[in-house]
Amino acid sequence: MLIIPLSGKAVVCADDRETSLGPGKGLVILPYQYHHYARAERKLHWLFVTFEYAQGVALEPLRNTGFNVTEEMKIHLVALLKAQRDPNDTGVPELRLALLLAQLSPPPAGEADVNVALGARVNHALQRHRPATPKIAELAADLGMSPSHLRSRFRASCGVSLGRHMRELRLERACGLLRMTTTRISEVAEQCGFTSLFSFSRAFSARYGFSPRAYRQQAGKGAEI
């Protein structure tokens, strides 16, 4: 969970640490991190962004570490909120949030800045190809690399394979389409780059634990397959 105070101050108690938060400061709460709030002012206006992220994404350096909200971050936050309210921008809020979190994560010691920025470059390239889903060879050509070099550099800098990252983004986009539109599930599968409804349903169920139809029903969108 990303916490950004807009007005008012309070103390966030996470694990055994206390972090004083107010306007201009922010904090990320990691999964399973117990937290509560103390010494809060009477009126608070805070922004909370809850999210899931792919296994292998390194956010541990952000544990119990407050950060300054820069002007660039504010721009990303405004764009994130606008994209979240637009039903046609499925997948864009996740991309905006990923770019924001990338600014917060410190680079691994000794790693060049170009490698740290690779994840953002890949996400930008994928966004340019939408609504099509490019193959890794097409993505590599877009970024001026060979496919093998792109794969190895992406894994080294992001801690997860490029194929898995692309699959996660496709499934996240599918979640948005299922949740916010009444597009037929078979068409959602096609729009998200899956070759068949069967392969989409299998990948979706493996990732989220239930079928696309069950997910849509929980989200309140009636639909046909």
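In what order do the three strands of the open sheet run, and is their pairing parallel or antiparallel? The order is 3-2-5, and the pairing is antiparallel. Keep in mind as you look that this is a predicted model. Here are my notes, point by point.

1. Strand 3 (17–21) and strand 5 (35–38) are the edge strands, each pairing on one side only. Neighbouring strands here are turned by 25° against each other on average, direction ignored. As a quick reminder, strands of a sheet pair through backbone hydrogen bonds, in either a parallel or an antiparallel way.

2. Strands 2 and 3. Strand 2 covers residues 10–14, and its antiparallel pairing with strand 3 runs over five bridges. If you want a place to start on screen, find Ala-10, which stands opposite Leu-21 in strand 3.

3. Thr-19 sits in strand 3. Is it buried or exposed? Thr-19 has a relative accessible area of 14%, and the cut-off for buried is under 20%, so it counts as buried. Setting aside residues up to four places away in sequence, Thr-19 touches Ala-10, Val-11, Val-12, Leu-27 and Asn-64.

4. The other strand pairings. Strand 1 (residues 2–7) and strand 4 (residues 25–28) run antiparallel and are joined by two bridges. Leu-2 stands opposite Val-28 in strand 4. Strand 4 also pairs with strand 7 (residues 67–68), again in the antiparallel sense and over two bridges. There, Gly-26 has Phe-67 of strand 7 opposite it.

5. The largest nonpolar core. This core has 17 residues, and the ones with the most contacts inside it are Leu-2, Ile-4, Val-28, Phe-67, Leu-77 and Leu-104. At least two residues of the core come from each of strand 1, strand 6 (45–49), helix 1 (71–85) and helix 2 (92–104). Helix 2 gives the most, with four residues.

6. Leu-2 up close. What does Leu-2 contact, leaving aside its neighbours within four places in sequence? The list includes Leu-27 and Val-28, then Leu-47, Phe-48, Val-49 and Phe-51. Also among its contacts are Phe-67, Leu-77, Leu-97, Leu-100 and Leu-104.

7. A separate core of 15 residues includes Ala-174, Cys-175, Ala-189 and Tyr-215.

8. Helix 7 against helix 9. The axes of helix 7 (residues 162–180) and helix 9 (residues 197–208) come within 11 Å and cross at roughly 95°. Angles of 65 to 115 degrees count as roughly perpendicular, so that is what helix 7 is to helix 9. On the helix 7 side, the contact is made by Glu-168, Leu-171, Glu-172, Ala-174, Cys-175 and Leu-178. They meet Phe-200, Ala-203, Phe-204, Arg-207 and Tyr-208 of helix 9. By class, this contact has eight nonpolar residues, three charged ones and no polar ones. Ala-174 and Cys-175 also belong to the second core.

9. Arg-213, towards the end of my list. Arg-213 is found in helix 10 (residues 212–219). With a relative accessible area of 40%, Arg-213 is partly exposed. Arg-213 and Ser-201 are 12 residues apart along the chain, and their C-alpha atoms are separated by 8.9 Å.

Notes:
Residues numbered from 1 in each chain as written. Predicted model: local features only at pLDDT ≥ 70, side-chain atom pairs only at ≥ 80, totals over all residues. Heavy atoms only, no water. Pairing = 2+ DSSP bridges. Axes fitted to C-alpha atoms, helices over the stretch in contact; angles between N-to-C directions. Parallel < 35°, antiparallel > 145°, perpendicular 65-115°, else oblique. Contact = heavy atoms within 4.5 Å. Nonpolar A, V, L, I, M, F, W, Y, C, P; charged D, E, K, R; others polar. Core = buried A, V, L, I, M, F, W, Y, C linked by side-chain atoms within 4.5 Å. Buried < 20%, exposed > 50% of the residue type's maximum accessible area, 1.4 Å probe, protein only.
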